[in-house]
Amino acid sequence: MKSNGKTVFVSPSESAKQKEYTQLVRAVLTAKYDEPPRAFVHTYGCQGNVADSERMTGQLLEMGYTLTDSPENAQLVLFNTCAVREHAEDRVFGNVGALKPIKERRRDMLIALCGCMMQQKHVEDRIKKSYPYVNLVFGTFAVHRLPELMYKTLCGGKRVFDTDASSAPVAEGLPVHRDSGFKAWLPIMYGCNNFCSYCVVPYVRGRERSRRCEDVLNEAREIIASGVKEITLLGQNVNSYGKNGDDGVDFAELLRRINALPGDFKIRFMTSHPKDCNERLLDAMAECEKCAHHLHLPFQSGNDRVLKEMNRGYTREHYLELIAYAKKVMPDISLTSDVIVGFPGETYEEFLDTVSLIREVEFTSLFTFIFSPREGTRAASMEDPVPAKEKSRRFSELLKAQEEIASKRCAESVGRVFRVLVENEAEKADGILTGRTDGNVTIDFPGEASLIGSYADVTVTSARNWTLTGELAKKTDNKK
């Protein structure tokens with residue numbers, strides 16, 4: 001996967017070969033269809049998967065496909081899958097099963113499955129045995145080879161499987177079809193070296209590979225030039241950026257260099273691992289005026305024994321020290337986190353350590369999950385004596401505690417003015433727009449749809465448990 005611990009990049013000759021396959025696929029589709037065939041691309045899971053899908057969609061468009069929002073109308077259905085939790089896998093299998101009667105009616109439909117789930121041997125075996133109507137299966141390391149895989153699927157007459165994990169090069173220069181015209185995902189690295197005992201990501205995404213700083217900056221320049229107002233830097237652990245690179249640029253320095261690019265835009269990033277978070281990074285956040293003062297820093301558990309069993313690499317004390325420093329240099333910091341309830345062997349007293357931590361930190365919001373065993377991880381084989389009913393009870397207790405905190409924090413925002421990126425119109429409410437503050441808090445306010453994709457100054461007039469309501473404070477910057 002690596003050579004001497006360094007990131008391996010797709011060679012120019014390999015990139016040229018994929019461009020040739022792109023043209024070959026286009027020729028096949030032109031001969032087969034009277035009008036451009038339609039592709040339905042659906043993404044499960046994290047923002048990293050969304051970014052992958054944007055690159056695959058860009059490739060499909062170059063091959064001659066157009067896009068549709070319905071699998072019933074598609075000649076190609078592509079599911080980009082997630083393996084982080086069992087529920088996500090169950091949804092994929094259910095939706096793949098629902099495609100069978102459609103395919104029986106429309107024999108020309110191709111079904112392709114890719115992403116993290118497909119990088120697991122037991123999933124690949126299940127697809128081969130139980131879903132014979134699936135035409136193409138490929139893993140996370142073959143995204144850049146989509147043109148070649150599509151050509152083989154269209155012309156070979158056989159099912160195509162490519163889940164080889166022996167090589168995981170970083171591919172530059174892939175076409176990107178972004179889902180939004182004013183928000184952009186910008187991957188800066190791939191993979192993870194941490195091997196948390198509950199997590200399947202290192203097995204399905206591989207070891208850490210960082211993109212070259214100049215490649216990241218070039219893509220950021222293109223994004224800014226297109227009028228994007230918000231760039232989110234992505235990686236399984238962005239704090240590890242640059243550790244396997246040659247240019248000596250770490251994540252804090254990368255933030256500073258992107259911040260120095262001209263333009264009116266905001267920088268966000270995820271996900272950040274406490275083990276590799278440090279004062280240098282927090283200082284960069286505080287000093288970069290374009291960096292949102294929002295830190296998503298998953299702590300998972302507030303108990304040191306559980307953290308050790310999770311193989312998280314930090315203690316409760318260290319985590320709280322990081323939070324204290326972040327609040328010191330950014331008094332307006334908005335903090336969010338991930339929490340797992342019911343890790344194998346977690347006692348009620350240990351769970352209460354998690355509750356006490358969230359009360360001490362006062363997070364803006366939490367992403368909370370009940371432990372989901374993942375095949376192949378160490379935690380999947382641990383003794384787990386706590387019944388599901390008790391885990392659900394604890395889960396509800398934690399949610400109640402966080403709801404109280406969020407309600408208090410939102411109430412403190414009443415009367416304040418926030419610069420908000422207007423994202424869309426609120427559902428079931430005519431004339432109401434929805435945006436997000438720097439701290440990633442949702443705020444609804446009346447306004448014209450022409451404001452979508454621009455910044456607006458909004459005064460908060462009332463607060464609910466998780467969201468805010470406001471009104472336009474003054475004339476807005478309507479540049480898109």
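In which sense do β13 and strand β14 (residues 365-370) pair, and over how many bridges? They pair in the parallel sense, over 6 bridges. This is a predicted model, in which local features need pLDDT of at least 70 and side-chain atom pairs count only at pLDDT 80 or more, while totals for chains, interfaces and linings use all residues. Residues are numbered from 1 along each chain as its sequence is written, and side-chain values use heavy atoms, without hydrogens and water.

**View 1. Strand β13 and its cover.** Strands are DSSP runs of E of at least two residues, and helices are runs of H or I of at least four, numbered from the N terminus. Side chains in a regular strand alternate between the two faces of the sheet. One side of β13 carries Ser 334, Thr 336, Asp 338 and Ile 340, and the other Leu 335, Ser 337, Val 339 and Val 341.

**View 2. Neighbours of β13.** Strand β12 (residues 294-296) runs parallel to β13, joined by 3 bridges; pairing requires at least two DSSP bridges. His 296 has Thr 336 of β13 as its bridge partner. Towards β14, Val 341 is partnered by Ile 370.

**View 3. Helices α1 and α6.** Helix α1 (residues 12-32) packs with helix α6 (residues 146-156) at an angle of about 35°, their axes 7 Å apart. Axes are lines fitted to C-alpha atoms over the stretch in contact, and angles run from 0 to 180 degrees between N-to-C directions. Contact (heavy atoms within 4.5 Å) involves residues including Tyr 21 and Leu 24 of α1 and Met 150 and Tyr 151 of α6.

Note on methods
Buried < 20%, exposed > 50% of the residue type's maximum accessible area, 1.4 Å probe, protein only.
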